[in-house]
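I opened a new notebook page for this structure. My plan was to look up a few places and write down what I found.

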Amino acid sequence: MFGSLVASAKGLESIDERMLQCGLSRRAFLQFCATLMIAAPYGLAITDKKTPEDVAAGLGKVIRPPILWLSFQDCTGCTESLLQTSHPDFGDLILNVISLEYHEVLMAGAGMQARQVLDEAVTKYAGKYVLVVEGSIPTGARGIYMKTGGRTAMDVLADVGGKAAAIIAIGSCASWGGIPSADPDPTGAVGVVDLMPEKSIVNLPGCPPNPYTLLGVLLQFAADGTLPESDAQRRPKFAYDRDIHEHCPRRAHFDAGNFVKQFGDEGHREGWCLYEMGCKGPETHAGCSTRHFNEIPDVWPIGIGAPCIGCTEKSVAFRKPMFEVVQLHTIAAPPTSFAPIPTTHGHISPVATALVGLAVGAVAGGGYVASRKYSMVLGDESVPGARPPGDGASGSSRPSGPDNDAGPKASA
Ligand code: SF4
C-alpha cells in the first residue's frame, strides 16, 4: 500500500532515500512516527494498529509529498504551531519528511521571485501536490480586500487549488471563515470548501490545530492517495471524534458542582471547572484535552485556566459570545448542589426503646458507682461522698490504700 499511488511521480524521492542523503537519524524518524501514533492512535491508515517500527518501515517508502502552502486572511498561528514540532525538528520535517515547495512566510524569496517559485511548482507538480491553505478568503467586492502579486485571493485559490491533488484547509479561518468572518464580516470571508466544494478537501479547524494532525493527513495521502474518514464537516474523525468535555481533566469538578465563578477566585486557583465562565468544551469536538499544544504537557486553553472557546466548531467560535454558558442537551446538567445523602427511617418499636433505656440506665448507674468508688480527687463536689481532710467526719467513703494516702491533699 505504502507509496503505491504517488510513487509514479518522476523526480521525487522516498523518505528513506532522503534520510540517507541528508543524514536524518533513524532515531529522530522513529520519534516522529511514535508522535504521529500518539496524535492518531486509530483511524489513520498509516498508524492504525502498528508499532513505531512498522510505521517507520511503511512511511520510509512513501514518496515525499510536494506541499504548497498559501496564506490568506490569517494570523499565521497555524504556521507558528507547525514551527513548534520537535520530532523531528522543523527543518528536517519540511525539507526531508515532506517537501515544502512554497510557503510565503517561511521562504526567503519575496515579490516576483516568490511568484516565480509558485508558478514553477504549480506547473512541475500539477495534479500531484497537496495544497495547504491557511486563512479565510475574502469574497466581498469581488475579492478586492486581499490581493497578492496582482491577483485576488480568490483568483490565486482558483488557480493553485484547481491543480492540486487535494487541499487541506488548516485552521478555522480556512475551514469556514474563522475570525475574519465574525459579525459584521466586512470582507465576506469564507472557507476553501465554500469556493471549491467539488474538490477533495479536508478541514482541520482549530486556533491552531495540532500540527501532527496535519502531518498525519498529509502522509496518509502521500502513502496511498486516500484521505482519512471525515465527519459531515470534512474533519478527519481520528482527530475530531470526541468532545473536549468527555476527556477534560476538570471534569470531576463539573460532576461535583465545583465551578469557577470569576477569574482569579479560589476555585480558579484550585483548577475547578470553567463551565460557568462560558467554557464551550461540552459542545466542541477536538483532541486538545489529550493532545496538548506545542508538545508541552498541560499547555492548552483549559489547562492554563482559560475556558474553551469552541474554535473547532463552525457554529460556536466567533459566533457565540465567549462567556455565554453552554446549553446542555446531551449530557447531564451540572448539579447546583450536592445530592442529599439518602437515609432510611425505620419504625422504632416501644420494646426496643425500653431495652435501649435499660442499657443506658445500667451504664449511667455503673458510672455513678465507679466514680464514688475510685475517685481520687478530694473536695471535688462532683464526686459524691468525697470530703475534704480534717472535717472530722468518720466513715469516709475514700478507699484506703497506699495510693490514696500518698495522693495530693487538698489544703484546708
Ligand atoms: Fe472541562 Fe469545560 Fe467541561 Fe468544565 S465545562 S469539565 S472546564 S470542558
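My entries follow, one topic at a time.

**Entry 1: the model.** I noted before anything else that this is a predicted model.

**Entry 2: the ligand.** Which residues are closest to the ligand? I found Cys 248, Cys 273, Tyr 275, Cys 279 and Gly 281. They belong to a group of 14 residues that surround the ligand. I then sorted this shell by class. It has 10 nonpolar residues, 2 polar ones and 2 charged ones.

**Entry 3: the core.** I turned to the largest nonpolar core, which has 90 residues. Val 130, Leu 131, Val 133, Ile 168 and Leu 218 have the most contacts inside it. Helix α10, residues 211–224, gives the largest share of this core, with 9 residues.

Leaving out residues up to four places away in sequence, Leu 218 touches Pro 65, Ile 67, Ile 98 and Val 130.

Entry 4: I started with β7, residues 166–170. Here 5 of 5 residues are buried. I recalled that side chains in a regular strand alternate between the two faces of the sheet. In β7, Ala 166, Ile 168 and Ile 170 are on one side, and Ile 167 and Ala 169 are on the other. Both faces are covered.

Next I looked for the partners of β7. Strand β3 (residues 130–134) runs parallel to β7, and 5 bridges join the two. Val 130 has Ala 166 of β7 as its bridge partner. Val 130 had already come up in the core, among the residues with the most contacts there.

Strand β9 also pairs with β7 in the parallel sense, over 4 bridges. I wrote down two opposite pairs. Ile 167 stands opposite Ile 201 of β9, and Ile 170 stands opposite Leu 204 of β9. Both faces of β9 are covered too. Ile 201 and Asn 203 are buried on one side, Val 202 and Leu 204 on the other.

**Entry 5: backbone exceptions.** I kept a general rule in mind: most peptide bonds are trans, and most residues other than glycine have a negative phi. Which peptide bonds did I list as cis? One joins Asp 183 and Pro 184, with omega about 15 degrees. Pro 184 lies in the loop between α8 (171–176) and β8 (189–190). The other runs from Cys 207 to Pro 208, with omega near -5 degrees. I placed Pro 208 in the loop between β9 (201–204) and α10.

Then I checked phi. Thr 76 is not a glycine, yet its phi is positive, about 70 degrees. Thr 76 sits in the loop between β1 (66–71) and α4 (77–83). Asp 185 has a positive phi as well, near 50 degrees. Asp 185 lies in the loop between α8 and β8.

Are these two buried or partly exposed? Thr 76 has 15 other C-beta atoms within 10 Å, so I marked it partly exposed. Asp 185 also has 15 within 10 Å, so it got the mark partly exposed.

**Entry 6: Ala 252.** I ended at helix α12, residues 251–256, where Ala 252 is found. Ala 252 is exposed, because 11 other C-beta atoms lie within 10 Å. Ala 252 and Trp 272 are 20 residues apart in sequence. In space they are 8.6 Å apart, C-alpha to C-alpha.

Terms used: Residues numbered from 1 in each chain as written. Predicted model: local features only at pLDDT ≥ 70, side-chain atom pairs only at ≥ 80, totals over all residues. Near = placed C-beta within 6 Å. Nonpolar A, V, L, I, M, F, W, Y, C, P; charged D, E, K, R; others polar. Core = buried A, V, L, I, M, F, W, Y, C linked by C-beta atoms within 7 Å. Buried ≥ 20, exposed ≤ 12 C-beta atoms within 10 Å, placed from the backbone. Contact = placed C-beta atoms within 7 Å. Pairing = 2+ DSSP bridges.
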